[in-house]
Amino acid sequence: MGNAVNDIRFIPLGGGQRVGASCYYLGIGGSNIILDAGIGMENGVEFEPDFHFLITSPFLQSMGQIDRVFISHAHMDHVGALLDLMRQAGHAQVYMTEVTRVLSEYQLYDRLFIGNKERDEDVRLAARALLERVACVSFMQTMDFGKYRVSFFPAGHIPGAMMTLFDTGRRRILYTGDYSLHPSLLTEGCMLPENLDLDTVILCGLHAKHPGYVKKADAIFRQAGYALRLAGEYKQSVLCRIPQLSKGIEFLKALNNENEMGVPIYLDESIMKMVVKMERLSVPVLTEHNKSMGLMEPVEPHIYLTSGRGAFPLGRYKSLNVDFSLHEDFQEMKMFLKRLNARQAVLVHCGREYSVFDDHTIEQEMMFEDGCRTQFIFAEEGEIYGL
Ligand SMILES: [Zn+2]
């Protein structure tokens, strides 16, 4: 087996035809690259990428041979296993945008400390030492590694999210990470050069098997409007629980945008800390109506935004579980694939069919598109693909 520059291998180590623990091996002519390192959750049990499969593959013998790691964005299913990966892959250089680094740092600490308050100082220092090894990259920047060049483009989705383009001179491969075509509360849509002439797109296609799924882009506004009406008009305080910290910031932004009545919005400590970090990176979120929740429960009707870590008295509150999806739906994915018109699309991060009888995949639909040249691979975990 040669290591010629045109040998390109791809192995999903997690996040293949399921969601969670996104992590992909990309071998380019003897250079060993990892795309994302997430964790997943199934039936309340956490799972991680299968690094063992990688070191028993023909391409490398130890994790010490990993050269570079690229992290697309700061959601836990893409970055949650990064510290573990860095401990094992001691020689790897890790790249992400500065916003992703700040968001990741806080979420990784937060995860380490749940139910773990005593030994936190050691753990925190170890984590910090690892994260200091991360190299920050900018959008539109190109880095030349000899065998290939890498460029980074805004992916939309959440602040800091990037798409990564590998160019070997003969082949162009784009890893999308999670992306959005249209602007969202805190980001613009993704931005790619025209005429990319891609050979391969490795696409995070959550809804690639859900033809009937339509994104309800307004779900977040309906939930925000409902909470504001309850507190503003009906004088009923509302407790909004948001498990993912980064979604908490988006929800706060939606509340602030619509808060004409000036309802006080209180934030718990974790959300406040994260918002302050975002502000320092020039992502403005806070308004005069946002306050930190102290020890005393406010008397006036208000909204309390919490990531739901600690217990909280629910007596006076109407409780609201906030959730919304920022992923592209079937039609948007189709538009994006048409625009890229890559020779090959490798689909990963795909949710299971809702019904194997009724649902068809994006591949079956793209077959009928005029001028579409794309061949599809639904990449499975633990399978080796030559791209
Ligand atoms: Zn994401």
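How far apart do the C-alpha centres of domain 1 and domain 2 lie? In this predicted model, the two centres are separated by 31 Å. The protein chain is divided so that domain 1 takes in residues 8–213 together with 326–386, while domain 2 covers residues 219–321. Contact between the two parts involves 14 residues of domain 1 and 14 residues of domain 2. On the side of domain 1 that touches domain 2, the residues divide into 10 nonpolar, 2 polar and 2 charged.

For Tyr24, when residues up to four places away in sequence are not counted, the residues touched are Phe10, Ile11, Pro12, Leu13, Leu35, Asp36, Ile202 and Val348.

Several of these partners of Tyr24, including Phe10, Ile11, Pro12 and Leu13, fall within the numbering of strand S1, which comprises residues 8–14. Strand S1 is mostly covered, with 6 of its 7 residues buried. Two pairings of S1 are described here. With strand S2 (residues 23–28), S1 pairs in the antiparallel sense over 6 bridges, and within this pairing Gly14 stands opposite Cys23. With strand S21 (residues 385–386), S1 again pairs in the antiparallel sense, over 2 bridges, and here the bridge partner of Arg9 is Gly386.

Two open sheets are also found in the model. One of them is formed by 5 strands in the order S16-S15-S17-S14-S18, and its pairing is parallel. Its edge strands are S16 (290–292) and S18 (318–321), each of which pairs on one side only. Neighbouring strands of this sheet are turned against each other by 25° on average, with direction ignored. Within the sheet, strand S14 (residues 238–241) and strand S17 (residues 303–306) are joined in the parallel sense over 4 bridges, and Val238 has Ile303 of S17 as its bridge partner. Helix H6 (residues 219–232) packs on this sheet, where it touches S14, S17 and S18, and the direction of the helix makes about 155° with that of S14.

The other open sheet consists of 7 strands in the order S9-S10-S11-S12-S13-S19-S20, and its pairing is mixed. Strands S9 and S20 (375–378) stand at the edges with a single partner strand each, so one side of each is left without a neighbour in the sheet. On average, and with direction ignored, neighbouring strands of this sheet are turned by 20° against each other. At one end of the order, S9 is joined to strand S10 (residues 149–154) by 3 bridges, and these two strands run antiparallel. In this pairing, Met143 stands opposite Val150 of S10.

Met140 has a phi near 75°, a positive value in a residue other than glycine, and is placed in the loop between strand S8 (134–137) and strand S9 (142–144). Met140 counts as exposed because it has 11 C-beta neighbours inside 10 Å. Asn195, which is likewise not a glycine, has a positive phi of about 50°. The loop that holds Asn195 runs between strand S12 (172–175) and strand S13 (200–204). With 6 other C-beta atoms within 10 Å, Asn195 is exposed.

Is Asp77, by contrast, buried or exposed? This residue lies in helix H2 (residues 76–79), and Asp77 is buried because 22 other C-beta atoms lie within 10 Å. Leaving aside residues up to four places away in sequence, Asp77 touches Gly15, Val19, Gly20, Ala21, Ser22, Gly38, Ile39 and Gly40. Asp77 and Pro301, which are 224 residues apart in sequence, are 36 Å apart in space from C-alpha to C-alpha.

Technical notes. Residues numbered from 1 in each chain as written. Predicted model: local features only at pLDDT ≥ 70, side-chain atom pairs only at ≥ 80, totals over all residues. Domains from an automatic or database assignment. Contact = placed C-beta atoms within 7 Å. Nonpolar A, V, L, I, M, F, W, Y, C, P; charged D, E, K, R; others polar. Buried ≥ 20, exposed ≤ 12 C-beta atoms within 10 Å, placed from the backbone. Pairing = 2+ DSSP bridges. Axes fitted to C-alpha atoms, helices over the stretch in contact; angles between N-to-C directions.
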